[in-house]
Amino acid sequence: MTSPELSDCILIADDHPANLLALEAVLEPLGHPIIKSSSGVEALRYLLDHDCSLALLDVAMPGLDGFETAALIRGRERTRHIPIIFISASARDETHVFKGYAQGAIDYVVKPFDPDVMRAKVTNLLALHRRSEEMRREAALRGRERDEFREKEQEARAEAEAQRKRLQSLLVQAPSVIAITKGPDHVFELVNERCQQMLGSLKVLGKPAREALRGLLPQEAWKSVDAVYESGNAFVGTEAAISLDEHGWGGTERRFFNFVVQAIRDLAGNIDGLMLHAFEVTDQVRARERERDAIRLRDEFLSIASHELRTPLTPLRLQLQSTLKCLDKGETGVAELRPRLELALRQTVRIGILVTDLLEVSRITSGRLTLQREEMDLAESVRDVAERHEPEARNAGTTVQVQAEHVTGRWDRLRIEQVIANLLVNAIKYGGGRPVRLTVERADGAARLTVRDEGIGISTEDQERIFDRFERAVSVRSYGGMGLGLYITQQIVDAHGGRIQVQSARGKGSAFTVDLPVLTE
Ligand code: ADP
């Protein structure tokens, strides 16, 4: 069997070779390749791998007859459209054919046949087949195009959905506050994470903004929001304050925001919602407030410092002037000059202490406080300092009592003496003329210095802040001072790895306790 792979070939099946040859001769003028099979089985085998545009089947073939072969051809999807012409020796078979194969292109030729009739039938069926093939191909093409279109449409939809989700997640995760409302009542439609975080436990989604945020914004703010919805003109605000309870702890915190409320339009260009976009600027506002406070504090300090420095200068100048006068007159002996000069010297010492304090503060704030550690006995230093301040105590009408046990450590001697002196001077100054007691002991594994007075005392609310720079709990008129002593004292104690505490009550005296790490043997 020859098997040209042409789809327009004609397949003929007949168990008589002579019939096959005769048929071939009849059909040859039509110009189609002709495939000859000597049985139904052979014809089917051919059609397994090939196509043809027409099958001519002898009805009376041994094995599979023409009808059975045709039934199998029609039974397979790929070959069911092939037109079939049955060739039979008797017209009896005709009714059978048209009953069983009413569907599709079927014809019937009785032997002996007229070659022209045969060619006409073949030509007719071939044309029919070609047309229906074309239509099928066309329909398949349309189907494919439709499928492709659907596929593309689905892809485009998926892409648009992914884009929408991406945009939404950008909005939701944006570090700024974003909220979107719908309609003239501004019903919350979207509230991003930052916005929800700010609102704390407040649930606003699906609720009209006025109702959801009742009491949070002033009436004028709502008027401006309504105006944006009506006019479409954006509303911009800077450092707007709002009191929020972000953590749901009941207490509200005043926070500041820069924001813009703008209109959202639908596809037809009509306003159908609003978008709020806000940035928190609380840190910046607070930093500016702190800066303002710092400047105010500095100005206050400068006026206090100049007052403090002038205080010892005036008696110093007076002493020196009167000393000079006495000398000019030549009326004074050395014995009379001595107390005047001693007084002048005390004033210079006081100026010296003030200048040292200022220098120390500038060293501390610029991080240049370094310690010169040496092994020393705290009791010894306390006794020395107490002795040095004996005259000052006497002037204030008080006494200083020392009870000190021997405790050593590796500390900066000058700075520790500064700590003792600052606390002692305060105890004398604020001690109301009553005795001041200094004790040194070993307690809780540390060297403990306690400076106790029975003076004006310090209220509980002031106890923490007096350790800050320039902080004082008394008026300048009643007591001089720059508010630096305790600040410097605490910084020195901290630098040594120790700690300072105060126990006091207003009018009940004060006890300042300094614990310093001791030498470990
Ligand atoms: P200054 O004494 O120059 O004001 P300090 O830093 O030494 O500065 O003290 C800060 C403030 O702490 C004082 O102004 C005073 O109000 C309070 N204070 C310190 N020591 C005592 C004390 N022993 N008794 C009562 N108040 C004190």
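Keep in mind that the model is predicted.

Let's start with the charges that pair up. In helix 5, which covers residues 115-173, the side chains of Glu 133 and Arg 137 meet at 4.0 Å, N to O. These two residues are 4 apart in the helix, so about one helical turn separates them. Glu 133 counts as partly exposed because its relative accessibility is 22%, while Arg 137, at 56%, is exposed.

Another pair joins Arg 80 to Glu 77, with 3.6 Å from N to O. Here Arg 80 is partly exposed at 41% relative accessibility, and Glu 77 is exposed at 57%. Asp 444 and Arg 448 form a further salt bridge, their closest N and O atoms lying 3.1 Å apart. In this pair, Asp 444 is exposed, with 70% relative accessibility, whereas Arg 448 is buried, with 18%; buried means under 20%. Salt bridges can also link up into a network, as they do for Arg 194, Glu 253, Arg 255, Glu 280 and Arg 286.

Now go back to helix 5 and look for Glu 145, which is found there. Together with Asp 147, Glu 148, Glu 151, Glu 155 and Glu 159, Glu 145 forms a negative surface patch. Patch residues need over 30% relative accessible area and no salt bridge; Glu 145 is partly exposed, at 43%.

Leu 345, Val 349 and Ile 353 make a nonpolar surface patch with about 290 Å² of accessible area together. Leu 345 counts as exposed because its relative accessibility is 55%.

Helix 10 (334-365) also meets the buried side of another element: the buried residues of helix 15 pack against helix 10, as well as against helix 13 (413-429), strand 16 (499-504) and strand 17 (510-517). Helix 15 spans residues 485-495, and its buried residues are Gly 485, Leu 486, Tyr 487, Ile 488, Thr 489, Ile 492 and Val 493. After the helix comes Gly 497, with a positive phi near 80°.

Our last stop is helix 1, residues 17-27, where Glu 24 lies. Is this glutamate buried or exposed? With a relative accessible area of 17%, Glu 24 is buried. Leaving aside residues up to four places away in sequence, Glu 24 touches Ile 12, Ile 34 and Lys 36.

Note on methods:
Residues are numbered from 1 along each chain as its sequence is written. Side-chain values use heavy atoms; hydrogens and water are left out. Patches are made of residues with over 30% relative accessible area and no salt bridge: like charges are joined within 9 Å, nonpolar side chains (Val, Leu, Ile, Met, Phe, Trp, Tyr) within 5 Å. Accessible areas come from the Shrake-Rupley method with a 1.4 Å probe; for residues, only the protein chains shown count as cover. Lys and Arg count as positive and Asp and Glu as negative; His and the chain ends are not counted. The place of a charge is taken as NZ of Lys, CZ of Arg, CG of Asp or CD of Glu. Buried means under 20% relative accessible area, exposed over 50%, partly exposed in between (1.4 Å probe, protein chains only). Contact means heavy atoms within 4.5 Å.
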